[in-house]
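Please look over the sequence and the model shown here before reading on. The paragraphs below are meant to be read with both in view.

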Amino acid sequence: MPHLYLVDGSGYIFRAYHRLPPLTNKHGEPVGAVYGYTTMLWKLVDEINAADGPTHMAVVLDKSSKTFRNEMYDQYKAHRPPPPPDLVPQFPMIRDATRAFSLPCIEEMGLEADDLIACYARAALAQGWQVTIVSGDKDLMQLVEDGSLDMLDTMNNRRLGEAYVVEKFGVGPKQLGDVLALMGDSVDNVPGVPGVGPKTASKLIVEHGDLESVLAAAPEMKKGKLRDNLIEHADNARLSKRLVTLECNAPLPQSLESLALHPTIPDAPLRAFLEHHGFRSLIAKMGQITDDAAPAPTAGE
């Protein structure tokens, strides 16, 4: 059976950036995130091949900071600071790193990486494929289906299924969007309902079934701040549900079949990329270091 792995590349990038000290390559360019991303991707490819993992694989990235959600709600992610100045020039190099592994690098204007992952996941499931999403992102947990789609959290080295979602949020994947809508998200500036945290949100959804049923029942609830907030902020809750709902039906930028994984990583493009940046330890990992290999990256000032 085909097994598609979808890697949340954006999560990898920021983990890599914060994981390593500033590094520069032989051209004087900042490459700390590039080096970290490359080692993380290499480790993933090695481990999943050893475990007879995917037949198909792609890295999915955010194309831009503006998507259809910003048109829906202009304050969406408005409080997020811009990426660090030394990370910005590394984004194109990270795309180069992905292609150096001969992996598709998928991104689409107007869609977040999560939406593209959802689109590919749904398309693969419709054809009877297995799907693994390489991420620990809570929004993507809405897609989990035991027996068909799981998540691989490489940060904590664990597989996530429906039981994990229930343990963490008190509801299954199909109701998770309703819980996320009620609780909101300060990082993405999803408003939610004031005073409603994860435990209250899950309790309300378990009791009433879904978001609309919670809002319909609010006038009959015991008088108090929770009741008042649910009534007063009902429209924000509905907006939040639209914001956290993943787009699953957009056209695929590349066909599923084009994501077929090479049995082994082709040598030439990866070696050329590593030598360009002078990643000497990674060149050594491939085998013999060429005589004119550049020195290893150095710590920045």
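This is a predicted model: local features need pLDDT of at least 70, side-chain atom pairs count only at pLDDT 80 or more; totals for chains, interfaces and linings use all residues.

Residues are numbered from 1 along each chain as its sequence is written, and side-chain values use heavy atoms, with hydrogens and water left out. Helices (H or I, at least four residues) and strands (E, at least two) are DSSP runs numbered from the N terminus.

The sheet is open and contains six strands, in the order β4-β3-β1-β5-β6-β7, with mixed pairing. Two strands pair if DSSP finds at least two bridges between them. At the edges are β4 (105-106) and β7 (158-160), each of which pairs on one side only.

On the β5 side, Y5 stands opposite T132; on the β3 side, D8 stands opposite V60. Six of the six residues of β1 are buried, so the strand is largely enclosed by the rest of the structure. Buried means under 20% relative accessible area, exposed means over 50%, and partly exposed lies in between (1.4 Å probe, protein chains only). H3, Y5 and V7 point one way from β1, while L4, L6 and D8 point the other way. Further along the sheet, β5 (residues 130-134) and β6 (residues 149-153) run parallel and are joined by four bridges. V134 has L152 in β6 as its bridge partner.

Helix α5 (residues 113-126) lies across β1 (3-8), β3 (56-60), β4, β5 and β6, and runs at about 175° to β1. Such angles run from 0 to 180 degrees between N-to-C directions, and axes are lines fitted to C-alpha atoms, for helices over the stretch in contact. Contact means heavy atoms within 4.5 Å.

The loop between α5 and β5 holds W129. Is this residue buried or exposed? At 8% relative accessibility, W129 counts as buried. Not counting residues up to four places away in sequence, W129 touches M1, P2, L4, H56, A124, S148 and L256. W129 and T98 are 31 residues apart in sequence and 23 Å apart in space, C-alpha to C-alpha.

T98 belongs to helix α4 (residues 90-100), which is mostly covered, with eight of its eleven residues buried. The buried residues are Q90, F91, M93, I94, R95, A97, T98 and A100. After α4 comes S102, whose phi is positive, near 60°.

Another helix pair is α7 (residues 173-183) and α11 (residues 234-244), whose axes come within 8 Å and cross at roughly 130°. The two helices are therefore oblique to each other. Angles under 35 degrees count as roughly parallel, over 145 as roughly antiparallel, 65 to 115 as roughly perpendicular, and the rest as oblique. In this pair, G177, D178, L180 and A181 of α7 meet A237, S240, K241 and V244 of α11.

How many disulfides does a search of the whole structure find? The search finds zero, a disulfide being a pair of cysteine sulfur atoms within 2.5 Å. The sulfur of C119 has its closest cysteine sulfur in C248, 6.2 Å away, which is too far for a bond. C119 counts as buried, at 2% relative accessibility.

Two loop residues have backbone angles to check. Most residues other than glycine have a negative phi. K77, which is not a glycine, has a positive phi of about 55°. K77 sits in the loop between α3 (68-72) and α4, and at 21% relative accessibility it counts as partly exposed. N157 is not a glycine either, and has a positive phi of about 50°. The loop between β6 and β7 contains N157, which is exposed, with a relative accessible area of 67%.
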